[in-house]
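Okay, thanks for coming, everyone. Let me put the structure up on the screen and then talk you through it.

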Amino acid sequence: MDFSYPPEAEAFREELRAWLERALEPRFRAEEGAIGASPERIARLREWNRRLADAGYAAIAWPREFGGRGAGALEQVVFTEEMHRAGAPPTLNPIGLANIAPAIMQHGSDAQKQRFLRPMLRGDEIWCQGFSEPGAGSDLASLRTSAVREGEVFVVNGQKVWNTLGEVADWCELLVRSDPAAPKHRGISCLLVDMKLPGIEVRPIRSITGDTEFSEIFLRDVRVPAGMLLGPLHQGWKVAMTTLNNERGGVATLHLMVRKKIQELFALARRTERDGRPLAADPLLRQRLARLYLDGEYLKLLSERALSALVHGRAGAEGSLVKLVWSQTQQQLYEVAAELLGPEAATHALGWQRVHARSLSIAGGTTQVNKNIVAQRVLGLPRSA
Amino acid sequence: MDFELSEAQEQLRDGLRRFLASEAPLAQLRAQLDDPRGHSASLWKGLAELGLPGLLVPERFGGAGLGMLEMGVALEELGRALAPAPFWSSALAATSLVQALASEEQQAQLLPRLAAGELVCGIAQAEATHSDWRSGATSARRADGAWRLEGCKQPVFDALAADALLVVARDEELAAPAVFLCEAGAAGVEREPLPGVDGSRKQGRVRFAAARALRLGRGDASAGIEAALDRARLGLVADALGAAQRAFELALDYARVRVQFERPIGSFQSVQHLLVEMLQALELARAGLYYGLWAADHADARELARAAAMANAHASAEFPRIGAEAIQIFGGVGFTWEYDVHLYYKRLLSFEHALGGPSRELERLAAIVLDA
C-alpha cells in the first residue's frame, strides 16, 4: 500500500503546472462548461480549448496519432487534479471527446477519422448524442427513431430527448432503428448527423431550475448520407457503447468538486452566527457537517481504491459504486446546506443548486437502474422480472 | 496509487482463514457461548504458535515486528470467524498501550510475554458513569511504596480471560491520566461477568479497592493513550468489517437459493437494492479502514485520529444495520437460534459503542476538521 503517485505521473504534474501558469489567463477561469452557456462564453471556452489542443492537452487519453498523449489512468487523474486546482474551465466538448471519439477511432472509416477527430479535439465542432427518446429512457434499446435506406441516403424520422449540448452542437451521434424486425439490440445503427441538415429541429427543454441545459431533437425526413454510417449496419448498439480502454480515470476525480463544496459549507458554518454563536458550534449541525465531510472523504478513498484496482488489474466492486456514492453525497450536501441556512434555505443560491442536484440521481442512469446493474453484474443475482 | 495488499499480507489472510476454519468452527463457538470467560484456550494456543500475539511487537522483544495493515488483516479474519479469543485486547490494545507508554525496562519485561501469548492482557478504560476515558473517576495514589487503584471499570472486553489489565486512571499526584498494570488476581480486584448479547466476545465489570498496580512510564499519558486507542479503534473496526462482510455473504447466498413465488428472492429488486446498499457500506468501510491502517504507521497523530474517527463513525453507524438487514433477508429463519446470522449481528452490537459510537465519533471528527 502506498498512496503516492509514480515519478512519471509527478513529472507530468510539474510540466502541466508550469504550462498552466503561463497559459491559463484569468479571463479563462470558470467553474462551468458549455452547457447552457452564452455565445460569448462558448467563444471563450473555444479559445481555451484551442490552447489545450495546441499543447497536446485537449484529450490526453486519446492515442498520440489522433492528437492525444495516450495517457494512462494515473496521468488522467493528475491532469484533472491540476485543472481543478488551477481553476481551469471544463472542456468544451465533453461528450464528443469521451464518448463519441472512441467509437469513431475504433469503428470509423479512415475518411471519418480524418474528417471528425481533429475539429472535435480543437473544439471547432461541438458534438452531442442522440440516444434517449420519450419512450426509451432507462430501456434505451427500445428506441424507435427509424432510418430507411434510399439509394445513397438514410431517411431518418423520429424524436430524441435529453440532448445535452443539443442547442449548440454541430454534429450528433445518432442511434436509429435500421431493422425493425430484428431483436431490439440487433436492429440499431449509428449515424453521424450534421445538425444543419434540413428536417432537424432542436427545441430547448426548460428544466426545473428554469434553465435550459438540454434539448429535444425532432427529425422529419432527414436525409443522412450513407457514408455517415458509423461501423457496420445494425451493429450501432455495440458501436455506441465503445469506450477507450484507458478511459476510466474519470471516476477517480468526481470527489474533487464535492469536497471543495463541503469546505465552502464549512466556511459558511464558521462565519454565520445564529443565536449568538457560529453555526459550526451547534451540536446538531456539527453532527450533520461531520457526516457530510466523512462521506466526501470516503468517496475520495473509494475512488482511489477503484483506481488502484484498475491499475493493478484487480476485479473489484468499487468502480461500479462510485457514481452511486457521488450522487448521494452531492445531494446530501445540499440537504445539509439547507439545514444550515434554515429559513433562508429556499431563497439562497444554494437552494437553486439543491433543486438542480435532483438530476444527479437520474442523468446517466438512475440510481435504481444502477443498483439493478450492480446487483446483477457485481453480485451475480438473477435478473429481476 | 497502490491501495492493494502485498503478497505477504494476502498470504497472512489466506493462511489465517484456513487455520480458523479448522480450529475455530462456529460449532465450537456455539458450545462455549455461555462460558463467562469466553476464551478458547486451545485457539489461543494455536494463535500463539502462529506468532500472532506478537504481530506488532518488535523483533528484539520476540515479536514479528509487523505493522497495522497486517494487524488489520488478522483482525478482519478473526471477526469473520467470530473467533472467541482475547486477541484484540492483548495483541493490539494492550500491546499498543505498552509500546506507547511503558519505559524501556517495562517493555522488555512485558512485550516478550505478550508476544508469546503467555500473558493475556485486557484494557480497562471505559466507565459506566463517564463517556470519555479522560474524565473517568478511577484514581491511583501511592501508598506503602506502591500504586493503589480505586474505582470501577466497565465494560471491559475479555475481563475474565485476562491475566492482567491495563487500567486508565487518574494519577492523583500529577493530576493527569496514566495507565497502570494490575494483575487480575491481585488482592482488591474483583471481576464479574456482564452477560451480554454477544457470546463470541465476553465483557465484564472490574472493581478496584486499593488494588496494587504498576504505573507504565511517567508523565501525562493523554497523548499516548489517545494514539493507542485510535489504533485499537481501527483494529476493532477491522474485526467488525470481517463479521459484517460474512453476514452480507450469508444473506447474499441465501437470496440466491431461497425460492418464493416460484423464483429466487434475490431476483426481487427490493432485495437486490438492499444488498447493493450493504455492499456500498462495506466497500466504503474497507477503503476507509485500509487507509486508516496505513496512516497508523505512516502519518502523524492528528491524521491517525482523523482516519480512526472516520472509520469508527462509519462502521459503528453502518455495520449493525448490515447485520440487521442480513437477518431481514433471511426472514423467519434468520430469527432462529439455529441459523448463524444472528451471531454476526451480535458481534456487531458489542462493537458498536465500545470505543465511541456514531454520534461521539462524529463529534470527535468535527473537533478535528471543523474547528481547525
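This is a predicted model: local features need pLDDT of at least 70, side-chain atom pairs count only at pLDDT 80 or more; totals for chains, interfaces and linings use all residues.

I'll go through the chains, then the contact between them, then a bit of sheet and the core.

Let's begin with chain A. It has eleven helices and nine strands. Its radius of gyration is 22 Å, close to the 21 Å that the globule rule gives for 385 residues, so chain A is as compact as a globular protein of that length. If you box up the C-alpha atoms along the principal axes, you get roughly 75 × 50 × 45 Å. Of the 385 residues in this chain, 39% are buried. And if you take contacts in chain A between residues at least 6 apart in sequence, 69% of them join residues at least 24 apart.

Now chain B. Here, too, we have eleven helices and nine strands. The radius of gyration is 21 Å, close to the 21 Å from the globule rule for 372 residues, so chain B is as compact as a globular protein of that length. Its C-alpha trace spans about 75 × 45 × 40 Å along the principal axes. For burial, the figure is 55% of the 372 residues in chain B. As for contacts in chain B with a separation of 6 or more, residues 24 or more positions apart account for 75%.

Back to chain A for the domains. There's domain 1 at 7–92, domain 2 at 127–237 and domain 3 at 249–378. How far apart are the C-alpha centres of domain 1 and domain 3 of chain A? They lie 25 Å apart. Seven residues of domain 1 of chain A are in contact with seven of domain 3 of chain A. On the domain 1 side of that, you've got three nonpolar, three polar and one charged.

Chain A puts in 40 residues and chain B puts in 36. On the chain A side, α8 (283–312), α9 (318–341) and α11 (367–378) each supply at least two residues. Which element of chain A gives the most to that side? That's α8(A), with 17 residues. By class, the chain A side comes out as 25 nonpolar, five polar and ten charged residues.

Next, a piece of sheet in chain B. Strand β2 (residues 139–143) and strand β3 (residues 146–157) run antiparallel, joined by five bridges. B:Ala143 sits opposite B:Ala146 in β3(B). The hairpin of β2(B) and β3(B) has two residues between the strands, and B:Asp144 takes a positive phi there, near 55°. β3(B) also pairs with strand β7 (residues 203–215) of chain B, again antiparallel, through nine bridges. In that pairing, B:Phe157 has B:Gln203 of β7(B) as its bridge partner.

Last stop, the core. The largest nonpolar core has 231 residues, and the ones touching the most other members are A:Leu191, B:Val167, B:Val179, B:Phe180 and B:Cys182. Helix α7 (residues 222–257) of chain B gives the most to this core, with 19 residues. In general, nonpolar side chains tend to be buried together in soluble globular proteins.

What does B:Val167 touch, leaving out residues up to four places away in sequence? Its contacts are B:Ala124, B:Thr138, B:Leu149, B:Lys153, B:Val179, B:Phe180, B:Cys182 and B:Ala213.

That's the tour. Happy to zoom in on any of it.

Definitions and conventions. Residues are numbered from 1 along each chain as its sequence is written. Chains are lettered from A and ligands numbered from 1 in the order in which they are written. Domain bounds come from an automatic or database domain assignment. Two residues are in contact if their C-beta atoms, placed from the backbone, lie within 7 Å. Ala, Val, Leu, Ile, Met, Phe, Trp, Tyr, Cys and Pro count as nonpolar, Asp, Glu, Lys and Arg as charged, and the others, Gly among them, as polar. Helices (H or I, at least four residues) and strands (E, at least two) are DSSP runs, numbered from the N terminus. Two strands pair if DSSP finds at least two bridges between them. A nonpolar core is a set of buried Ala, Val, Leu, Ile, Met, Phe, Trp, Tyr and Cys residues joined through C-beta atoms within 7 Å. A residue is buried if 20 or more other C-beta atoms lie within 10 Å of its own, exposed if 12 or fewer, and partly exposed in between; C-beta atoms are placed from the backbone. The radius of gyration is taken over C-alpha atoms; the globule rule is 2.2 Å times the number of residues to the power 0.38.
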